[in-house]
Amino acid sequence: MAKYLLSVWGPDSDYEKENYGYASEEEMLKSFEATGKFNDKLQEEGYFVFADGLDAAKTATVVDGQGEKPVITDGPYAEAKEYMAGFWIIDVPDLDVALKLATEASAACLGKVEVRPMQTGPEA
Amino acid sequence: MIEVDEAITRAHQGEWARVVASLAKRFGDLDIAEEAAAEAFTVAVERWPLDGVPPNPGAWLTTTANRRAIDRIRRESKRDDKQKEAVAMHDDTPHEPLGAIEDDRLRLLFTCCHPALAPEARIALTLRMVAGLTVPEIAKAFLVQETTMGQRITRAKTKIKAAHIPYRVPETADLPERVSGVLAVLFLVFNEGYLSSGDHENSVRGDLTREAIRLTRLVRALLPDDGEVAGLLALMLLIEARRAARISATGELVRLDEQDRGSWDLALIAEGHALVRERLSVVANGGPRPGRYQILAAINAVHTSVRDARDTDWSQIVALYDQMIRVDGSPIVRLNRAIAVAELDGPEVALAEIDRHLGPSLDDYHAFHATRADLLRRLGRSGESRAAYDKAIELAENAAEVALLTRRRDQLGRS
């Protein structure tokens, strides 16, 4: 088995918009429902490790603890047009399974999904 | 010695992918598999002339490569314990039964053509891992620097490993989509062999076209009922059949209507025609509509079914291009249709069609200017024809094609 991070990205301004950037309230609720169902399916199939949505990037804090005193900075690690808005961690047999699940995840949450392998190797 | 050389060449063609595939499966690492396979062939080159060719070269190569791979893993203490365990566990795995050869090659082919890899990496990886071409050979075929090609292949191998791209033929449900990706890579390999962008002596690379055909046959063995697989195989066979006639003694491209049809390979043509007939009967009996490869194969079947170019059934070819446009309405397909229209309705009609519809979109494509040059020449508009030849020559990459275009242009001057 191999673990992957599936992440969804979007502009920070979506957090301030009505319906968080979805076209309508109806579309937003439909997407929430589809995503909930997808999570249930991941659980049933034993692939689910963790999933959550993230709050706006402007609520993030960066800490540098490499020096004598920690340096604490308000804001995300790097300024970008789009930030990670939510993610899943899944544990699946291989990339083919991960890509298939990512396809479903993308259709449910109405966004592109990045599939990135974790460095921990497959379990023997 | 010649016999040993031939045995090594044969083993390389027949066994390279199998050795790489079986090692990749066993050690889960394409890099180790590739290096160990290359070392095994180096050992063969050293030992076989002295010891004789082993009775089962494939088994010998796999065993030798396996030992090399195990040595390397043991040498590298940084390898994680799991991989060491795998070595210990599998140290005496027997050689796989011969029936598994094709499965191994197919598995490797699907891995190399995985959609998660960049398209240019898929081709490079397929040529290295499945066809066994060296990195310098691949770099030369695609006119990129060796280091660039080496990096491209290394990057792809790293991704396969890190992202856990599986070594297997996809599940039945996923096959149609994955196969179309594999066919696209095989067709590109074939085309690179057929109209390579390399230097003069390599205007046609027989090794690439042959390898593409060999791999397409393998895919067909896996999916005998897939129309597009059959279509691509037929298309390749019907083009390959004309290879000898395609380049003149002086290294110039010979166009279809001027080829010595007596030097066409009749066996390949017969096989290609049989495949096309098979697909026509499936379609006639209510089977799925033909895709691009089947239509292109049918067009080539029409071309190769007459002994004299003047007997070509151009109305059927135009009709097939009309069908092709419904599958793929790209400007290049429309250009090819216009070339057929020139034969059916005359160059003036074809030129009007090209100039009306295709101008801006194909301005960077050498064949667009070459076609215009030819039509203008036939219409006696020499000045415009010359300008179009100049543009075509400037854009063409294949040496044999440049030679043909240059001669045609220079003949304009004398007339």
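**Helix pairs in chain B**

A: Start with two helices of chain B: the axes of H18 (residues 366-378) and H19 (residues 382-395) come within 8 Å and cross at roughly 155°. The model is predicted: local features need pLDDT of at least 70, side-chain atom pairs count only at pLDDT 80 or more, and totals for chains, interfaces and linings use all residues. Residues are numbered from 1 along each chain as its sequence is written, while chains are lettered from A and ligands numbered from 1 in the order in which they are written.

Q: Why are H18(B) and H19(B) called roughly antiparallel?
A: The angle decides. Axes are lines fitted to C-alpha atoms, for helices over the stretch in contact, and angles run from 0 to 180 degrees between N-to-C directions. Under 35 degrees counts as roughly parallel, over 145 as roughly antiparallel, 65 to 115 as roughly perpendicular, and the rest as oblique. The axes cross at roughly 155°. H18(B) and H19(B) are therefore roughly antiparallel to each other.

Q: Which residues make the contact between H18(B) and H19(B)?
A: Two residues are in contact if their C-beta atoms, placed from the backbone, lie within 7 Å. From H18(B), the contact includes B:His366, B:His369, B:Ala370 and B:Leu376. From H19(B), it includes B:Glu384, B:Ala388, B:Tyr389 and B:Leu395.

Q: What is the make-up by class of the contact of H18(B) with H19(B)?
A: It has seven nonpolar, three polar and four charged residues. Ala, Val, Leu, Ile, Met, Phe, Trp, Tyr, Cys and Pro count as nonpolar, Asp, Glu, Lys and Arg as charged, and the others, Gly among them, as polar.

Q: What makes H15(B) roughly antiparallel to H16(B)?
A: Again, the angle. The axes of H15 (residues 314-327) and H16 (residues 331-345) of chain B come within 9 Å and cross at roughly 160°. That makes H15(B) roughly antiparallel to H16(B). Residues of the contact include B:Trp314, B:Tyr321 and B:Met324 of H15(B), with B:Arg337, B:Ala340 and B:Leu344 of H16(B). By class, the contact of H15(B) with H16(B) has 10 nonpolar, two polar and three charged residues.

**Single residues**

Q: Why does B:Val144 count as partly exposed?
A: Count the neighbours. A residue is buried if 20 or more other C-beta atoms lie within 10 Å of its own, exposed if 12 or fewer, and partly exposed in between; C-beta atoms are placed from the backbone. B:Val144 has 16 C-beta neighbours inside 10 Å, so it counts as partly exposed. B:Val144 lies in the loop between H7 (135-141) and H8 (146-162) of chain B. Not counting residues up to four places away in sequence, B:Val144 touches B:Ala139 and B:Met149.

Q: What makes B:Leu280 partly exposed?
A: B:Leu280 has 16 other C-beta atoms within 10 Å, so it is partly exposed. B:Leu280 sits in helix H13 (residues 266-284) of chain B. B:Gln294 is 14 residues from B:Leu280 along the chain, and their C-alpha atoms are separated by 8.9 Å.

Q: What is the phi of A:Asn19?
A: It is near 60°, a positive value in a residue other than glycine. A:Asn19 is found in the loop between strand E1 (2-10) and helix H1 (25-45) of chain A. With 14 C-beta neighbours inside 10 Å, A:Asn19 counts as partly exposed.

Q: Why is A:Tyr20 called partly exposed?
A: A:Tyr20 has 14 other C-beta atoms within 10 Å, so it is partly exposed. A:Tyr20 lies in the loop between E1 and H1 of chain A. A:Tyr20 is not a glycine, yet its phi is positive, about 50°.

**Whole chains**

Q: How many helices and strands does chain B have?
A: Chain B has 20 helices and zero strands. Helices (H or I, at least four residues) and strands (E, at least two) are DSSP runs, numbered from the N terminus.

Q: How do you know that the radius of gyration of chain B agrees with a compact globule?
A: The radius of gyration is taken over C-alpha atoms; the globule rule is 2.2 Å times the number of residues to the power 0.38. With 415 residues, a compact globule would have a radius near 22 Å; chain B has 24 Å, which agrees. Buried residues make up 41% of chain B.

Q: Which elements make up chain A?
A: Chain A has two helices and six strands. From the N terminus on, their order is β-α-β-β-β-β-α-β. Buried residues make up 23% of the 124 residues in chain A.
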